[in-house]
Amino acid sequence: MKVALVGIGKIARDQHVPALAASGDWELAATVSRSGTVDGIAAFTDFATMMAERPDIPMVSLCLPPQPRFAYAEAALRAGRHVMLEKPPGQTLAEVHALETLARTMGVTLYTTWHSRMAEAVAAAKAWLADTVVRRAHITWREDVRKWHPGQDWVFEPGGMGVFDPGINALSILTEILPAPVHVTAAVLEFPENRDTPIAAQIGFSGGVSADFDWRQEGPQTWDMEFETDKGPMALRMGGNRLELGGKPAGGVNSIMGEYPALYARMADLVRNGQSEVDLSPMVHVADALTLGKRVTVAAFNF
Ligand code: NAP
């Protein structure tokens with residue numbers, strides 16, 4: 001099946017293009033980007049032109065930042081194309097509800113991807129937790145915004161979510177593996193004095209769950225989730241790619257390169273089966289943290 005990739009930037013180059021090149025389901029048939037291209041692939045700078053000239057491409061994968069994404073998704077769905085959305089699936093919950101309704105009306109597939117849910121050890125962690133009582137859980141998600149979003153001011157603009165852009169990956173795992181749902185009860189949000197979104201956040205949830213997100217960590221990066229249960233301790237490290245039981249390694253890999261191939265395989269299944277997959281539970285936690293959060297002003301941030 002042919003796919004058009006829209007927004008040829010960091011994640012398109014790092015993950016989508018290699019995943020598509022290795023896919024038995026998908027053929028990258030066109031790109032749409034104002035300046036980005038992929039060698040050997042038909043390149044368009046305008047989305048409407050691609051849609052008009054390439055009716056043979058049934059699926060559009062949107063790798064744009066969240067702020068412009070809704071208009072592209074809406075146009076693609078209205079034109080009867082299947083749509084795959086990078087995370088977070090929109091700027092707001094209501095945007096995605098509208099897209100879900102439109103996809104149903106048009107009879108096409110909409111997939112709100114959560115790449116971290118495809119990390120190597122997530123399914124094993126979910127299975128292990130299924131018959132436990134979780135007494136406490138703590139997420140530490142600390143990374144360097146300059147490394148992962150070099151010069152990308154959109155993350156600090158309204159709708160960019162700030163540190164919740166990576167933090168939502170942890171929340172996508174949490175909502176996938178917890179045996180019982182939790183909800184945000186309090187948050188502290190650290191806003192750089194010159195920015196509109198937080199650079200760090202500490203979040204409290206019901207059920208003894210807490211999270212520490214920070215975008216100012218240089219050197220080694222930390223993507224850990226630690227659980228205390230009635231069966232003993234369990235931890236997911238490396239963004240869900242490594243499992244630890246009782247403090248000892250219990251499986252997984254040291255790479256994140258399996259996540260995007262799994263997303264495209266899932267999208268192929270959804271299209272073949274005429275289904276959509278729209279899960280907003282990670283984004284509900286972000287919206288609630290932004291609603292309940294106490295704002296603290298911290299030092300200005302510049303790339
Ligand atoms: P990016 O490199 O800043 O943006 C991707 C491309 O989108 C840009 O190269 C640009 O291409 C196009 N674009 C940017 N703003 C636009 C606008 N206002 N209108 C139309 N096109 C626009 O961002 P990214 O890091 O790839 O992130 C994109 C999405 O992937 C985000 O939702 C992010 O959360 C997600 N993601 C990122 C990472 C990561 O490590 N960075 C990891 C996983 C997921 P042109 O200028 O050529 O049009």
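Reply: The area buried between domain 1 and domain 2 is about 870 Å², and carbon and sulfur atoms give 60% of it. Buried area here is the accessible area, taken with a 1.4 Å probe, that two parts lose on being put together, summed over both. In domain 1, the residues that lose the most area to domain 2 are Lys10, Gln67 and Lys87, together 52% of what that side buries.

This is a predicted model, in which local features need pLDDT of at least 70 and side-chain atom pairs count only at pLDDT 80 or more, while totals for chains, interfaces and linings use all residues. Residues are numbered from 1 along each chain as its sequence is written, and side-chain values use heavy atoms, with hydrogens and water left out.

Domain 1 covers 2-112, and domain 2 covers 116-254 + 287-298; such bounds come from an automatic or database domain assignment. The C-alpha centres of the two domains lie 27 Å apart. Domain 1 puts 10 residues into the contact and domain 2 puts in 15 residues, where contact means heavy atoms within 4.5 Å.

The interface of domain 1 and domain 2 holds one salt bridge, that is, a side-chain nitrogen of Lys or Arg within 4 Å of a carboxyl oxygen of Asp or Glu. Lys87 forms a salt bridge with Asp165, and the closest N and O atoms are 3.4 Å apart. By the same rule, the count comes to 22 salt bridges. Lys87 sits in the loop between strand S5 (82-85) and helix H4 (93-106) and Asp165 in helix H7, so the pair ties together parts that are 78 residues apart in sequence. Helices (H or I, at least four residues) and strands (E, at least two) are DSSP runs, numbered from the N terminus.

Between domain 1 and domain 2, three residue pairs are in polar contact, both residues being at pLDDT 80 or more. A polar contact is a pair of N or O atoms within 3.5 Å; within protein, one must be able to donate a hydrogen and the other to accept it, and residues adjacent in sequence count only if both atoms are side-chain atoms. The side of domain 1 that touches domain 2 has five nonpolar, three polar and two charged residues. In these classes, Ala, Val, Leu, Ile, Met, Phe, Trp, Tyr, Cys and Pro are nonpolar, Asp, Glu, Lys and Arg are charged, and the others, Gly among them, are polar.

Lys87 also has a backbone feature: the peptide bond from Lys87 to Pro88 is cis, with omega near -15°. Pro88 is in the loop between S5 and H4. Most residues other than glycine have a negative phi, and most peptide bonds are trans. Met161, found in the loop between helix H6 (145-148) and H7, has a positive phi, near 75°.
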